[in-house]
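Let's take a walk through a protein model together, one piece at a time.

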Amino acid sequence: MAEPAGAPAPGRRRRVLSAVLTALAVLVVWAVLVVPDRLFRLTPEAFLRIPVEGLALVGVGLLVRRHRVRGVAVLLGLAIGLLAVVRVLDLGFRAALLRPFNPVTDWKLVGPAVDMLQDSLGPGWARAAVVGAVLLVVLVPAAVTVSVVRVCRVATDHRGPAAGVAGSLGAAWLVCALLAVHLTPGVPVASRAAAELAVVQVRDVAHNVRDLSAFRTELAAPDPFATLPAAELLASLRGKDVLVVFVESYGRVAVEGSAVSADIAAVLDAGTGSLRAAGFEARSAFLTSSTFSGISWLAHATLHSGLWIDSQQRYDQLLASDRFTLPAAFQRAGWRTVVDVPSNRDPWPEGRAFYGFDEDLDRHDVGYAGPKFSFAAMPDQYTLAAFERLELAPGHPPVMAEIDLVSSHEPWTPVPRMLDWDELGDGSIYDGMPAEGPAPADVLGDTDRIRALYGESIEYSLTALISFVTTFHDSDDDLVVLLLGDHQPAPVVTGPDATHDVPVTLLAADPAVLDRIGSWGWDPGLRPGPDAPVWPMDAFRDRFLTAFG
């Protein structure tokens, strides 16, 4: 059958299709080579750059013999495709944790991240995230490889025009580099983003290799506390219950310099008065956490071990060692040691095997029959009430415990309400309460609302703890509470330039306890001032054991 009048000939259709595919291939390669390293720099102007790596690809097409171009292009395409995947992950890590993606150790965070999404947003979101991640890892390298092969092949087949375009762009790249031309702050027109990312990743891998040996040396160094007999450990705290209470995401931003800090400061100041009326005094300062916005277990490990644990690699090494921890010190000195983590679904064997906890309480061990509040399996008030019932009943032996309060865990909604302590029962009274607040999906992208909800969740957690002390332990000389944050909240709350500092407070009714830390210079009350001391979190174990030994 003859072609209809005016229809393009098959050869012309093929040429048009080939031109379109070539243009798409160039756009794909161009985009993955110039994508900036921060989400806030992801603007249309950021893509108006000249990637030096793209010019190098054209050079491959011009210089490599025709029969070898495809093989070389496939290898380069796979490398660039993998770099594109790393770039996407790097953007996410920098936005959420204010640090770059580490390809050696961060893959171990996939499981906890999926669990967190499932707890916070539901199984549907978690499944969608898993599917998206799989598609990212599979489709992006494939699409980039196909595109790189096409760009190199076109350069080989059209050497003259390709050389002219590459030469012109190369000259423009050199001029822009010499003049430091930027259309967007922090994003130079003369781009080498892919090469810089590759250098950073190689440097990080080399650092991890070196750090394995360096941290092994730290672990092997003599620890003077590990050999102390029981009688010389924590002697001035004998007979007291010592609670180490982590408030999730309780960072410095909560107490100063933010839209929510005034309301939280009011809670802390009122709490200082309530506690004083109940016979308690407090001293507060700041600790610099080893993590930011997440991966709380790094901070917990840093506090308890007295070593700087800022990566999953170090954490794994630590747990494989016999490092003497703060709970192990209390255990040796005769305390019953307990870890109460309502966010845990399953038993935590490392709590006994490494840290030295006698008892491990997770969400299934405390008799809760109420609803979840997003990530939090139960409200903090219930967590504290259950701990009082299970561990602090009359006649109990001295207890040292880590209690993790997680109602202030991201996504910070819905936030429970405080109830009368004698109404809590098995938690069924909370039925229907989560529906009173917005669902996490309802506030996505609303920065002001997210910040307000963060503030409300911190106020709730602090109020619950203060009320717990004044309700159950009025004038109790045998209660000592160490209250601290694990890390700052996400950058959506803090902004991009926040420190890693978190508030820390030591609370006691026995004046002798606070006298032991008089030389620390901590501020009176629950709220540390802007000039309060700042210690690295890994310094705390040694100073605490020294003060109370």
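Both faces of strand β5 are covered: D241, L243, V245 and V247 are buried on one side, and V242, V244 and F246 are buried on the other. Here, "buried" means under 20% relative accessible area, with exposed being over 50% and partly exposed in between (1.4 Å probe, protein chains only). Why two sets of residues? In a regular strand, side chains alternate between the two faces of the sheet. Seven of the seven residues of β5 are buried, so β5 is largely enclosed by the rest of the structure. As for the labels, helices (H or I, at least four residues) and strands (E, at least two) are DSSP runs, numbered from the N terminus.

A quick word on what you're looking at: this is a predicted model, where local features need pLDDT of at least 70, side-chain atom pairs count only at pLDDT 80 or more, and totals for chains, interfaces and linings use all residues. Residues are numbered from 1 along each chain as its sequence is written, and side-chain values use heavy atoms, with hydrogens and water left out.

So what does β5 pair with? Strand β10 (residues 479–485) is parallel to β5, and the two are paired over seven bridges. Strands count as paired if DSSP finds at least two bridges between them. Find L243, and you'll see that its bridge partner in β10 is V481. β5 also runs parallel to β9, joined by six bridges. There, V242 stands opposite M400.

Now move to helix α13, residues 380–391. Its twelve residues reach 16 Å from the first C-alpha to the last, close to the 16 Å expected at 1.5 Å a residue. That expected span is 1.5 Å times one less than the number of residues. Is the helix mostly covered or mostly open? Mostly covered, as ten of the twelve residues are buried. Among them are Y382, L384 and F387. The buried residues of α13 pack against several elements, including β5, β9 and α14 (447–472).

Next, find the loop between β6 (281–288) and α9 (296–305), where T291 sits. S290 lies in that loop too. T291 is buried, with a relative accessible area of 6%, and S290 also counts as buried, at 6% relative accessibility. The side chain of T291 reaches the backbone oxygen of G294 at 2.7 Å. That's a polar contact, meaning a pair of N or O atoms within 3.5 Å; within protein, one must be able to donate a hydrogen and the other to accept it, and residues adjacent in sequence count only if both atoms are side-chain atoms.

S290 has polar contacts as well: its side chain meets that of T302 at 3.0 Å and reaches the backbone oxygen of I309 at 2.8 Å. Setting aside residues up to four places away in sequence, S290 touches residues including W308, D310 and H500. Contact here means heavy atoms within 4.5 Å.

D90 counts as buried, at 1% relative accessibility. A polar atom of its side chain lies 2.9 Å from the backbone nitrogen of F101. Beyond its neighbours within four places in sequence, D90 is in contact with P100, F101 and Q201.
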